[in-house]
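Welcome to a short tour of this structure. Have the coordinates open in your viewer, and follow along from one site to the next.

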Amino acid sequence: EPEVTQTPSHQVTQMGQEVILRCVPISNHLYFYWYRQILGQKVEFLVSFYNNEISEKSEIFDDQFSVERPDGSNFTLKIRSTKLEDSAMYFCASTTGYYGYTFGSGTRLTVV
Amino acid sequence: AQSVTQLDSQVPVFEEAPVELRCNYSSSVSVYLFWYVQYPNQGLQLLLKYLSGSTLVKGINGFEAEFNKSQTSFHLRKPSVHISDTAEYFCAVSENNAGNMLTFGGGTRLMVKP
């Protein structure tokens, strides 16, 4: 079964550093998403991406965050200057637009 | 905008007993509904989804859920749980248009005891 692949599985970074989280969505999917889950809390929507542009974003997705689809396969989330409160599990997801969403296994980001 | 409420943060149950995890949603438009399971230190795995048609939906691992439009509920059930079902379960909703984001409930931790 096709999978959404996320790398790295765990990233530790110092406060103020830039991080890039990477995702390879399922190849025929059209919509791409980033969600995050702070430890012990619910999964929160960050941003959706369709047709090479952001289609929707949450209040969490401020100017520190950006997304890119630099080629035909990768989908990245960049955090420019990490804060302690950015520590969370970040999930990438993709969908054809119907019939459900496939999530990756997540990247655990720890900001120290 | 939608919202999802999972009424129970934790549900302890003995092995082989039945279980129901409750989910209520709020939306001004028609929705798709989903249940995801998250095992410790793992990602989100789709258990089942309701898109249209029969209101009783069967998923993986013996789980099923029933969509009740009048009560705006989508409760998850399993007639006999196993130790391996111990996990966090998330109900989620999206507007029934292509590509809309998912809104998740707060999760229910199912703890199956021997």
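## A glutamine side chain and its partners

The backbone nitrogen of Gly106(A) sits 3.1 Å from a polar atom of the Gln6(A) side chain. A polar atom of that side chain of Gln6(A) also lies 2.9 Å from the backbone nitrogen of Cys92(A). Please keep in mind that this is a predicted model.

Where does Gln6(A) lie? Its place is in strand β1 of chain A, which covers residues 5-7. Is Gln6(A) buried or exposed? Gln6(A) counts as buried because its relative accessibility is 10%, and the cut-off for buried is under 20%. Leaving aside neighbours within four places in sequence, the residues in contact with Gln6(A) include Arg22(A), Cys23(A), Trp34(A), Tyr90(A) and Phe91(A). Gly104(A), Ser105(A) and Thr107(A) are also among them.

Thr7(A) and Pro8(A) are joined by a cis peptide bond, with omega at about -10°. Pro8(A) belongs to the loop between β1 and β2 (10-13) of chain A.

Ile20(A) is part of strand β3 of chain A, residues 19-24. With 29% relative accessibility, Ile20(A) counts as partly exposed. Not counting residues up to four places away in sequence, Ile20(A) touches Gln11(A), Thr76(A), Leu77(A) and Lys78(A). From Ile20(A) to Ser66(A) the C-alpha to C-alpha distance is 9.4 Å, while 46 residues separate them in sequence.

Asn52(A) has a positive phi of about 65° without being a glycine, and Asn61(B), not a glycine either, has a positive phi of about 60°. Asn52(A) is in the loop between β5 (43-50) and β6 (53-57) of chain A, and its relative accessibility of 61% makes it count as exposed. Asn61(B) is in the loop between β7 (56-58) and β8 (64-68) of chain B; at 39% relative accessibility, Asn61(B) counts as partly exposed.

## Where the chains meet

On to the interface. How many residues of chain B are in contact with chain A? There are 21 of them, and they are in contact with 18 residues of chain A. About 1,700 Å² is buried between chain B and chain A, and carbon and sulfur atoms give 60% of that area. On the chain B side, Leu44(B), Met101(B) and Phe104(B) lose the most area to chain A, together 29% of what that side buries.

| Pocket | Volume | Lining residues | Lining by class |
|---|---|---|---|
| Largest pocket | about 670 Å³ | 30 residues | 15 nonpolar, twelve polar, three charged |
| Second largest pocket | about 380 Å³ | 19 residues | seven nonpolar, nine polar, three charged |

Nearest the centre of the largest pocket are Glu1(A), Thr102(A), Leu44(B), Gln45(B) and Leu46(B). The elements giving two or more residues to this lining are β10 (102-103) of chain A, along with β5 (31-38) and β6 (45-50) of chain B. Of these, β6(B) provides the largest share, four residues.

For the second largest pocket, the lining residues nearest the centre are Gln37(A), Gly40(A), Gln38(B), Glu88(B) and Arg109(B). Strand β10 of chain B, residues 87-95, gives the largest share of this lining, three residues.

Terms used. Residues numbered from 1 in each chain as written. Chains lettered and ligands numbered in written order. Predicted model: local features only at pLDDT ≥ 70, side-chain atom pairs only at ≥ 80, totals over all residues. Heavy atoms only, no water. 1 Å grid on protein atoms, 1.4 Å probe; cavity = no way out; pocket = protein on both sides within 12 Å on 5 of 7 lines; lining within 4 Å. Points joined across faces, edges and corners; volume = space filled by probe spheres on them. Nonpolar A, V, L, I, M, F, W, Y, C, P; charged D, E, K, R; others polar. Buried < 20%, exposed > 50% of the residue type's maximum accessible area, 1.4 Å probe, protein only. Polar contact = N/O pair within 3.5 Å; in protein donor to acceptor, adjacent residues only side chain to side chain. Contact = heavy atoms within 4.5 Å. Buried area = accessible area lost by both parts, 1.4 Å probe.
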